[in-house]
Amino acid sequence: MGYIKVKASFYNAIDYVGWLKGELSEANVRRVDVEALVDTGATYPALPEDLIEKLGLTLLREVDGETAGGVSKLKLHGLVIVEIEDRIAECPVIQRPRGTTPLIGVVALEQMGFRVDPVTGKLVKGLPLML
């Protein structure tokens, strides 16, 4: 199986809710459209620092996290609405260095009901896990 990439939109969750409530126009909702790598080894989605700035996300806290390079401090920002196809999820995002590839982690995938088919290497729609 190779890499799985998907087209995803990330919205500032506060703006998004304001739009749903009629307090903001859709044009004023901060949003970025990306091609993201699906990473089933990642808990949260991750965005490069420049996209986090464009979305106007707030630093929630720094947390210790396990990365490919070992344990390190990670910056957790929030909150975003992640949209893939016709599904959405709400969650915090981890900050990555500028110019790196956006990632979709399992929290967002499970909220949207996606799973990875290891045979085809594609996302498969199912029901969200509400455990």
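So, first, what I mean by a pocket: on a 1 Å grid over the protein atoms alone, it's an open set of points where a 1.4 Å probe fits, with protein on both sides within 12 Å along at least five of seven lines. Lining residues have an atom within 4 Å of a point. Grid points are joined across faces, edges and corners, and the volume is the space filled by probe spheres set on them.

Quick caveats: this is a predicted model, where local features need pLDDT of at least 70 and side-chain atom pairs pLDDT 80 or more, while totals for chains, interfaces and linings use all residues. Numbering runs from 1 along each chain as its sequence is written, and side-chain values use heavy atoms, with hydrogens and water left out.

Okay, the largest pocket comes out at about 390 Å³. It has 17 lining residues, and A42, E66, T67, L74 and I94 lie nearest its centre. Strands 4 (58-67), 5 (70-84) and 6 (87-96) each give two or more residues to that lining; strands here are DSSP runs of E, at least two residues, numbered from the N terminus. Strand 4 gives the most, with 5 residues.

Now K75, which sits in strand 5. Beyond its neighbours within four places in sequence, K75 is in contact (heavy atoms within 4.5 Å) with L59, R61, E62, V93, I94 and Q95.

Methods. Helix = DSSP H or I, 4+ residues; strand = E, 2+ residues; numbered from the N terminus.
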